[in-house]
Amino acid sequence: MPLTDVAIRKAKPAERPYRLSDAGGLFLEVRPNGSRLWRYAFRLGGKQNLYAVGAYPAVGLQEARQLHAEARALVRAGVNPSHARASEKAARVAAGADTFAAVAGAWIEAKRTLPDRPGWSLYYEAQVRGIMERDVFPYVKGRPIRGITSAEWLSILDRINSRGAPTVAILARQLVSQVYGFAVSRLLADNDPTFPLRFTITRPQIEHAKAHGGEVLQDLMRRVAAYGGNRTTVIAVRLLLLTFVRTAELRGAPWDEFDLERALWVIPPERMKMRRRHMVPLSPQAVALLRELRQITGAGRYLFPNFRDPQRCMCATTINRAFEHMGFASGYITGHDFRATATTWLHENGWRSEVVDVQLAHAKKSRTDAAYNHAMYLPERTRMMAVWADYLDSLEAAADPIKPPRGSKLTKRQASRSLAH
């Protein structure tokens, strides 16, 4: 009787190994240590042979049957599938296809969004590629994925953690672990050497976005007005305040998402955290800033290109670094705080929660999510964004001009670094 997923999940280890048969010589071997291994028993040249198909659950029932069918076809042709796999492995080694970097590249390709299938958002794909290229690949170089030990991975994670980035170290381990899961399912690795390291890095306490009151906003706007850094950075800060989108959504925005005549910004699903198309009504103040910005960066792809490489967008740290140059303590105010700040003020001033939530792209995971419409409440949201912009104008108009705060005057080297991002 063919195996079922339910029967496999219910299979418990015993004192001795035992088999759960499927069909055509395919069976699952359940070992006392709990491991479950797919095997294919066959005869070739008058001799009994055993072929290792893969390990469950990395290789599920349907994939095991597919691999079994491929192996049976080889046997019928008189080829031992174990020998065929050895030949393929030798070819991969010769081509460098079994290196960690090559396998990770195949894994990323399998996860990325393509026209015919959904996948990662562009932001998340860029985040994954950034961690791999910056923190992983340089330290494993051309190493075969099977040859990298747990101790070596611990050294790589410790290097990331030692620079004060424990969250990045934790994410790097999780990503590397997923690469190994991908490799095991394709028989390119036998296990995940990062599994024992999953608790070696302590996760820092999460700092949630802060909702700042009018006094802090007023102080911020005074400092923004006095800031002597890059004008595009100033515009970025002001647009974040006016639109309260996520920082990554603004930094990575290309010009073709904006219709200034209609005062509308449409963000495609692949750039949104919730993977849904999102509309941002633009207040007159936001449109004026965008028209100014177009005179500066409109010839390129991005609103905020990286100074060193215009094919990339503004660096992730640029806005928060600008707050520090303005005299704010590190972390006291961040670009993400503007979402909480706007949300709090709008709720306090009578705007409906469902309208605010849609503008934040926070539609609930329920019937609202199923019926989500990017144009929902658009007229009301347009009025809401205009009222919020007018409120910010009123704060700025009431603010007294100030001199740049002590410590905010940049050295030539600091100014150069700020402009470079």
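The following legends describe close-up views of a predicted model.

In this predicted model, local features require pLDDT of at least 70 and side-chain atom pairs count only at pLDDT 80 or more, whereas totals for chains, interfaces and linings use all residues. Residues are numbered from 1 along each chain as its sequence is written, and side-chain values use heavy atoms, with hydrogens and water left out.

**Figure 1. Overview of the protein chain.** The chain has 17 helices and seven strands; helices (H or I, at least four residues) and strands (E, at least two) are DSSP runs, numbered from the N terminus. Buried residues account for 43% of the 421 residues in the protein chain. Here buried means under 20% relative accessible area, exposed over 50%, and partly exposed in between (1.4 Å probe, protein chains only). Among contacts between residues at least 6 apart in sequence, 60% join residues at least 24 apart; contact means heavy atoms within 4.5 Å. The accessible surface of the protein chain comes to about 22400 Å², of which 53% belongs to carbon and sulfur atoms. Accessible areas come from the Shrake-Rupley method with a 1.4 Å probe, and for residues only the protein chains shown count as cover.

Figure 2. A pair of aromatic rings is described by the distance of the centres and the angle of the planes. Rings of Phe, Tyr and Trp (its six-membered ring) pair if their centres lie within 6.5 Å; planes under 30 degrees apart count as stacked, over 60 as edge-to-face and the rest as tilted. The structure holds 15 aromatic pairs. In one of them, the ring centres of tryptophan 345 and tryptophan 388 are 5.6 Å apart and the planes stand at 55°, so this pair is tilted. Because tryptophan 345 belongs to helix H13 (residues 337-348) and tryptophan 388 to helix H16 (residues 378-398), the pair ties together parts that are 43 residues apart in sequence. Tryptophan 345 is buried at a relative accessible area of 15%, and tryptophan 388 is buried at 1%.

**Figure 3. Aromatic cluster and arginines over rings.** One aromatic cluster is formed by Phe100, Phe137, Trp153 and Tyr180. Arginine 159 lies over the face of tyrosine 139, at 4.0 Å from the ring centre. Arginine 19 lies over the face of phenylalanine 27, also at 4.0 Å from the ring centre. A charge sits over a ring if NZ of Lys or CZ of Arg is within 6 Å of the ring centre and within 35 degrees of the ring normal.

Figure 4. Strand E1 (residues 18-21) pairs with strand E2 (residues 26-30) in the antiparallel sense over four bridges; two strands pair if DSSP finds at least two bridges between them. Tyrosine 18 stands opposite valine 30 in E2. Four residues lie between the strands of this hairpin, in which glycine 24 takes a positive phi near 65°.

**Figure 5. Open sheet of strands E5, E6 and E7.** Three strands form this open sheet in the order E5-E6-E7, with antiparallel pairing. Strand E5 (258-259) and strand E7 (278-281) stand at the edges with a single partner strand each, so one side of each is left without a neighbour in the sheet. Strand E6 (residues 264-267) pairs with E7 over four bridges, and tryptophan 265 stands opposite valine 280 in E7.

**Figure 6. Surroundings of serine 283.** Serine 283 is found in the loop between E7 and helix H11 (284-297). The residue counts as buried, at 5% relative accessibility. Leaving aside its neighbours within four places in sequence, serine 283 is in contact with Leu242, Met385, Ala386 and Ala389.

**Figure 7. Buried side of helix H12.** In helix H12 (residues 318-325), the buried residues include Thr318, Ile319, Ala322, Phe323 and His325. They cover an arc of only 160° around the axis, which puts them on the same side of H12; the arc is that of the directions from the helix axis to the C-beta atoms. Glycine 327, whose phi is positive, near 110°, follows H12.

Figure 8. Serine 82 is found in helix H3 (residues 81-95) and is partly exposed, with a relative accessible area of 27%. Beyond its neighbours within four places in sequence, serine 82 is in contact with Leu50 and Tyr51. Arginine 76 has its place in helix H2 (residues 61-76) and counts as exposed, at 65% relative accessibility. Arginine 76 and leucine 44 are 32 residues apart in sequence and 8.9 Å apart in space, C-alpha to C-alpha.
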